[in-house]
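Look at the sequence and the model side by side. The paragraphs below go from the whole chain to a few of its parts.

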Amino acid sequence: MEGLFSLQATPRVLVPTVSTPSRKPKFSISVTRKDVQKSKKLYAGCVRAQQSEFKDVSATISSPSDSPENALKIKEWEVGRFQDEIAASQGIRIRRRPPTGPPLHYVGPFEFRLQNEGNTPRNILEEIVWNKDVEVSQLKERKPLVSLKKALENAPPSRDFIGALRASNLRTGFPALIAEVKKASPSRGILREDFDPHSCSLEGFIEVEIAKAYEKGGAACLSVLTDEKFFKGSFENLELIRNAGVKCPLLCKEFVIDAWQIYYARTKGADAILLIAAVLPDLDIRYMTKICKMLGLAALVEVHDEREMDRVLGMEDVELIGINNRNLETFEVDISNTKRLLEGERGEIIRQRDIIVVGESGMFTPADVAYIQEAGVKAILVGESIVKQEDPRSGITGLFGKDISS
């Protein structure tokens with residue numbers, strides 16, 4: 001978090017639960033309802049600190065022997081624990097960063113047992129998030145928020161992402177296409193070998209040529225991967241496509257864990273950004289959607305299961321929901337996931353609120369598109385099945401079973 005709040009730690013005594021001399025004592029968690037409520041208030045305070053333009057607040061730590069550096073580490077560690085606790089209470093299994101022990105001389109607000117879970121990510125999404133946490137921290141040091149706010153003055157104007165989806169759906173009678181500019185994925189590896197934004201040759205700007213082909217083929221909007229390590233994307237690609245005169249609104253397909261990334265995406269020409277409910281607690285999603293509105297960005301909030309859908313439907317400001325048919329733990333794809341999440345009361349709420357639902361992953365044929373459309377989606381996000389085609393424009397025609405460009 002950018003802003004950190006004052007915290008007065010209350011020391012308690014760690015009581016051994018086993019007194020057998022031949023065994024090392026173990027320590028158990030003693031958490032009361034009052035502790036949980038306190039952690040929620042502290043976490044909310046952290047979010048409010050972020051909302052006050054990320055200003056640092058001085059810390060109050062009870063241990064007089066701590067240096068200022070260690071006091072900051074204690075504060076950051078406690079915030080991380082509160083974040084994890086709130087996230088877990090909402091069914092979020094993705095940990096924001098590797099588990100670590102408390103800083104030196106730590107005296108916590110409640111008794112604890114440090115579980116030895118190791119530093120191995122449980123799944124690919126958690127690995128991506130851990131990497132992103134380090135990456136964003138480094139980027140923020142090089143490009144502070146104040147410099148991004150200044151850069152916003154020269155950013156190109158934002159375009160109506162949601163409006164473009166609605167217009168395409170009405171024009172074609174098919175789900176509006178968000179076509180993805182994508183070189184690789186963790187599950188499929190390299191999809192196109194001819195991506196190289198650092199080359200000066202004509203092929204070096206293949207991402208721009210693909211984007212233009214998508215636009216000519218009838219795409220309503222484009223999605224641009226910006227994660228470098230796992231998807232071989234970059235913010236440079238996003239900026240290149242925007243500056244090349246592509247008129248389709250652009251979705252920044254990033255793994256957002258910090259509001260700083262939203263500002264950065266806007267400076268690079270994004271018109272929308274992805275927020276993943278499997279990663280972000282409710283307070284973060286609510287806060288980040290407000291930031292998006294302030295900056296003129298659409299927020300595509302992505303869900304994967306019933307619990308995430310129910311969480312997101314409980315937020316008033318959400319206008320665009322993506323249903324990812326890919327299990328982010330196993331990477332298996334099942335397009336019936338979209339139909340399941342839109343059945344019954346959930347589908348009725350979506351229709352009443354006129355929320356646009358985007359089907360994501362697993363669409364390769366006209367039959368797939370028809371199935372997703374019948375389930376109730378108004379847009380689809382497709383990458384692999386069309387980006388691998390030598391002519392992406394004909395790939396779009398093959399996906400829909402007809403030319404949707406006119």
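Helices (H or I, at least four residues) and strands (E, at least two) are DSSP runs, numbered from the N terminus. By that rule, E236 lies in helix α7. The model is a predicted one, in which local features need pLDDT of at least 70, side-chain atom pairs count only at pLDDT 80 or more, and totals for chains, interfaces and linings use all residues. Residues are numbered from 1 along each chain as its sequence is written, and side-chain values use heavy atoms, with hydrogens and water left out.

The protein has 15 helices and ten strands. A residue is called buried at under 20% relative accessible area, exposed at over 50%, and partly exposed in between (1.4 Å probe, protein chains only). Of the 406 residues in the protein, 53% are buried. Contact means heavy atoms within 4.5 Å. Counting contacts between residues at least 6 apart in sequence, 72% join residues at least 24 apart.

Return to E236 in helix α7. E236 has 34% relative accessibility and therefore counts as partly exposed.

Helix α7 covers residues 235-243, and helix α6 covers residues 206-216. Axes are lines fitted to C-alpha atoms, for helices over the stretch in contact, and angles run from 0 to 180 degrees between N-to-C directions. The axes of α6 and α7 come within 9 Å and cross at roughly 55°. Angles under 35 degrees count as roughly parallel, over 145 as roughly antiparallel, 65 to 115 as roughly perpendicular and the rest as oblique. The two helices are therefore oblique to each other. Which residues meet where α6 and α7 touch? From α6 come E207, V208 and A211, and from α7 come N237, L240 and I241. Four residues of this contact are nonpolar, one is polar and one is charged. Here Ala, Val, Leu, Ile, Met, Phe, Trp, Tyr, Cys and Pro count as nonpolar, Asp, Glu, Lys and Arg as charged, and the others, Gly among them, as polar.

The loop between β4 (221-225) and α7 contains K232. K232 is not a glycine, yet its phi is positive, near 60°. With 41% relative accessibility, K232 counts as partly exposed. D227 is found in the loop between β4 and α7 as well. Is D227 buried or exposed? Its relative accessible area is 0%, so D227 is buried. Leaving aside residues up to four places away in sequence, D227 touches K132, E135, K232, G233, K253, E254 and F255.

Now turn to the strands. Two strands pair if DSSP finds at least two bridges between them. Strand β10 (residues 379-382) pairs with strand β1 (residues 176-181) in the parallel sense over four bridges. In one of these pairs, L177 has I380 as its bridge partner in β10. Strand β9 (residues 356-360) also runs parallel to β10, and three bridges join them. V358 stands opposite A379 in β10. Within β10, A379 and L381 point one way, I380 and V382 point the other way, and all are buried.

D354 has a positive phi of about 55° although it is not a glycine. Its relative accessible area is 43%, so D354 is partly exposed.
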